Amino acid sequence: MAEIILEMRDIDKSFPGVQALRKAQLELKRGEVHCLLGENGAGKSTLMKILSGAQPADSGTILLEGKELHINSPYHAQQLGISMIYQEFNLSPFLSVGENIFLGREPKRPGTPFIHWSKLYSDAAAILKRIRVDMDVKQPVNELSVAQQQMVEIAKAISVNAKIIVMDEPSATLTDHELQALFDLIRDVQQQGIGIIYISHRLEEVFEIGHRCTIMRDGEHVATENVADLDREDIIRMMVGRELKEEFPKELFERGKERLRVEGLKRGKVIKDVSFSLHEGEIVGITGLVGAGRTEVARAIFGADPVDGGTITLDGEKLNVRSPREAISKGIGLLTEDRKGQGLILGMTIRENTTLANLTEIANGPFLNRGKEREVAKKYVDELQIKTPSVDQYVQNLSGGNQQKVVLAKWLFTQSKVLIFDEPTRGIDVGAKVEIYKLMNALVRKGVVVIMISSELPEILGMCDRILVMHEGQLKGELQRNEATQEKIMHLATGQQMAAAS
Ligand SMILES: Nc1ncnc2c1ncn2[C@@H]1O[C@H](COP(=O)(O)OP(=O)(O)OP(=O)(O)O)[C@@H](O)[C@H]1O
Ligand SMILES: [Mg+2]
């Protein structure tokens, strides 16, 4: 049996109004990929922040290779061989790959304070070679894709002789191809005896690369098991504490009149003559590989990017929206995948963020009706099961998935006619996903036109009435709910024509 390199025992941690961890436990063996699972707000990131020295625990013990120790800073953790790869990378954008790998630890020419550049680059190349990553060590990091930057972070971890690498939702922004490259890299690193703690809400990944998993709920340890002994339902049951009846609670409504029509939409090379229409009573999915132009179409309808041509008609009225502000005033909303960049103001409370896009609704003459604001925010906190001590909590203190739910609340409160959801369930736990799908049903029932952009084919197949598939800026085809399959979608998404296209 492999040797245990890390034990975290009885870790407690509270924040004002929240007990984030309650006797949390984690055990990691050398050379294993250990998945850390749990609902949004279960305490996964907090436990990892304690391990990486970013936050102190209130109590509990940490044993590294059998020795008890107190980790008092991220620097200390790094010296102990614990590396954390954050979602927002810590790389310096204008420095090269090699410089980033050795930042602050550059090799010097013997007897001088000067950096030994040729050694720095050859050492960097050797590390990349060791993990079989093919990359130019002199290229600036800001020219790399997210996936490549992640690989630089891993190379950096290896170069400090990490024994433990923590990855908190590394897959959220990767394409399928990049994800496979990351998995190859993880397998490689793991075979070199490094222990990996891997956090993700995509359970398929657990079965693909995990050896063991630890499931947490409400800050507590629920179970640690071999992945091979579990199935998807077991994991879900332990995560949410009950059986999940249906992962996709689709309701079918009668298809009504045409509401939104997009004709001849064009924007440079990213949108090439896209036309489609949406009817009352349906959820329409737009899918395709990353970079196919799905988000660009959404942004064009929302007035976020100027277009070269095309018309958008809503309820018979031709719209000429040139900014998101105008789009919102016409009843069009866009929930973006990038909650930090576009969706939320982190330094404001849940209450303020929820009502931000629809202040007129809670206005009382020239003033804001704070009571009404609170009531509205409370309603969504309940409906979406946002985990928080109160609606006055700052959004920056919420867990990643709960921040995403606040973005949803904000748009649900706008009384939009058309809502475009761009990757709405990214980073959201399985139980909360079901709640979001139910809300989509409720919106459709109220007459809202819902567009769902997603790379997750199961949710597209599970929730959409019609599926539009894009490839390189073009609409490649349309599938009805009853005929759509993963294979047919992938066929269109990779640019092939359907054999017997309708
Ligand atoms: N700085 C903070 N101030 C107040 N509360 C916090 C802070 N950091 C975390 N919390 C709370 O601690 C709990 C655990 O959060 P954590 O981020 O660890 O969850 P998580 O399991 O990583 O969830 P997710 O899957 O959504 O990322 C949540 O209720 C969160 O709101
Ligand atoms: Mg988290």
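**View 1. Strand S11 and its two partners.** Strand S11 (residues 258-267) is joined to strand S12 (residues 271-279) by 6 bridges, and the two run antiparallel. Strands here, at least two residues of E, and helices, at least four of H or I, are DSSP runs numbered from the N terminus, and two strands count as paired if DSSP finds at least two bridges between them. A quick note on the model: it is predicted, so local features need pLDDT of at least 70 and side-chain atom pairs count only at pLDDT 80 or more, while totals for chains, interfaces and linings use all residues. Residues are numbered from 1 along each chain as its sequence is written, with chains lettered from A and ligands numbered from 1 in the order in which they are written. Back to the hairpin: 3 residues sit between S11 and S12, and Gly268 in the turn has a positive phi of about 45°. S11 also pairs with strand S14 (residues 309-314), antiparallel again, over 5 bridges. Leu260 is a handy landmark: it stands opposite Leu278 in S12, and its bridge partner in S14 is Leu314.

**View 2. The open sheet with S1 and S4.** Four strands line up as S2-S1-S4-S5 in an open sheet with antiparallel pairing. S2 and strand S5 (67-68) each have a single partner strand, so these edge strands are left with one side lacking a neighbour in the sheet. Strand S1 (residues 4-15) and strand S4 (residues 59-64) are joined by 5 bridges, and Glu7 has Leu63 of S4 as its bridge partner. H1 lies across S1 and S2, at about 115° to S1 (axes are lines fitted to C-alpha atoms, for helices over the stretch in contact, with angles from 0 to 180 degrees between N-to-C directions).

**View 3. The shell around ligand 1.** There are 18 residues around ligand 1, with Phe15, Asn40, Ser45, Ser399 and Gly401 coming nearest (a residue is near if its C-beta atom, placed from the backbone, lies within 6 Å). Strand S2 (18-29), helix H1 (44-51) and helix H14 (400-412) each give two or more residues to this shell. Domain 1 (1-81 + 164-170 + 187-243) and domain 3 (258-493) each supply at least three; the domain bounds come from an automatic or database assignment.

**View 4. Where domain 1 meets domain 3.** The C-alpha centres of these two domains lie 33 Å apart. Their contact takes 12 residues from domain 1 and 14 residues from domain 3, contact meaning C-beta atoms, placed from the backbone, within 7 Å. On the domain 1 side, helix H8 (residues 232-240) gives the most, with 3 residues.

Note on methods:
Two residues are in contact if their C-beta atoms, placed from the backbone, lie within 7 Å.
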